[in-house]
Amino acid sequence: MKIDLNSDLGESFGTWKTGNDAELIPLITSANIACGFHAGDPSVMLETVRTAREAGISIGAHPGFHDIEGFGRRNIAVSPDTVYAETLYQLGALSAAAKAAGMTLQHVKPHGALYNMAAKDIRLADAVCRAVRDFDPDLIMLASGSGELYRSAVKLGLRAAAEVFADRGYSDDGTLVPRGMPGAMIHDPLAASERVVRMIREHKVTSAAGKEIEIRADSVCVHGDNEKALEFVRALRTALISEGIEIVPLNQIV
């Protein structure tokens, strides 16, 4: 069995710092790098790409809403045309940094509210996936396996990878429990690791309300801005290795 470990990184900007990118990057296999809209800036993007190159890990774009004040986690009423254009813009920005560092993008994973809204709204999902296809049809779309974003990627001929979250709770419909609600966050790294192993081996997870739901796992995410991110990734690696589950980048899975 194989699994990818991904984390949302490069989310500092200006004098504001967040995350433990330098320590996390050697422990993961795929880095989702912020593209300057919800977080990140040109210098941070380039630095993060270079750090990933030195560690020998794969990189992907992490585009979000143009909402740096809300860290891209506020639902915003935007048209599919705007989502298409803004996604394309952000892919271009990170691709330029990658090219300068001698790297290429492996995948795309939308951030925050864009990710969650596109998982439920087929128009937004299609807009994101069309932008990815028009930019580079070889890129992998990383998304929840039960959502519209994943289905749209398959429909448009993109490679799609199903993502699960180590540090987030699930609702009965397979979506993430909204932040701020009971059960939204998983705080115990060991408990999270046990859940992840079950998701990979049994394709099941227990929702915050206690319901057993089906789930598919090609990649496991730990949010880089989680204050326990380093503990989570270390615990995950230990659990996965002990279970004989190989940790590899996405392009070796899909």
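In the largest nonpolar core, which comprises 72 residues, the members that touch the most others are M141, Y170 and L240; such a core is a set of buried Ala, Val, Leu, Ile, Met, Phe, Trp, Tyr and Cys residues joined through side-chain atoms within 4.5 Å, where buried denotes under 20% relative accessible area with a 1.4 Å probe and protein chains only. Helix α8 (residues 229-242) supplies the largest share of this core, 7 residues, helices being DSSP runs of H or I of at least four residues, numbered from the N terminus. The model is predicted, so that local features need pLDDT of at least 70 and side-chain atom pairs count only at pLDDT 80 or more, whereas totals for chains, interfaces and linings use all residues. Residues are numbered from 1 along each chain as its sequence is written, and side-chain values use heavy atoms, with hydrogens and water left out.

When residues up to four places away in sequence are not counted, M141 touches V108, P110, V128, C129, V132, L149, A153, R159, A160 and A161, contact meaning heavy atoms within 4.5 Å.

Helix α5 (residues 122-135) packs with helix α6 (residues 148-155) at an angle of about 50 degrees, their axes lying 8 Å apart, with axes fitted to C-alpha atoms over the stretch in contact and angles running from 0 to 180 degrees between N-to-C directions. This contact is formed by I122, A125, D126, V128 and C129 of α5 together with E148, L149, S152, A153 and K155 of α6.

M117 lies in helix α4 (residues 112-120) and touches F65, N75, I76 and L124, residues up to four places away in sequence again not being counted.

Key: Buried < 20%, exposed > 50% of the residue type's maximum accessible area, 1.4 Å probe, protein only. Helix = DSSP H or I, 4+ residues; strand = E, 2+ residues; numbered from the N terminus.
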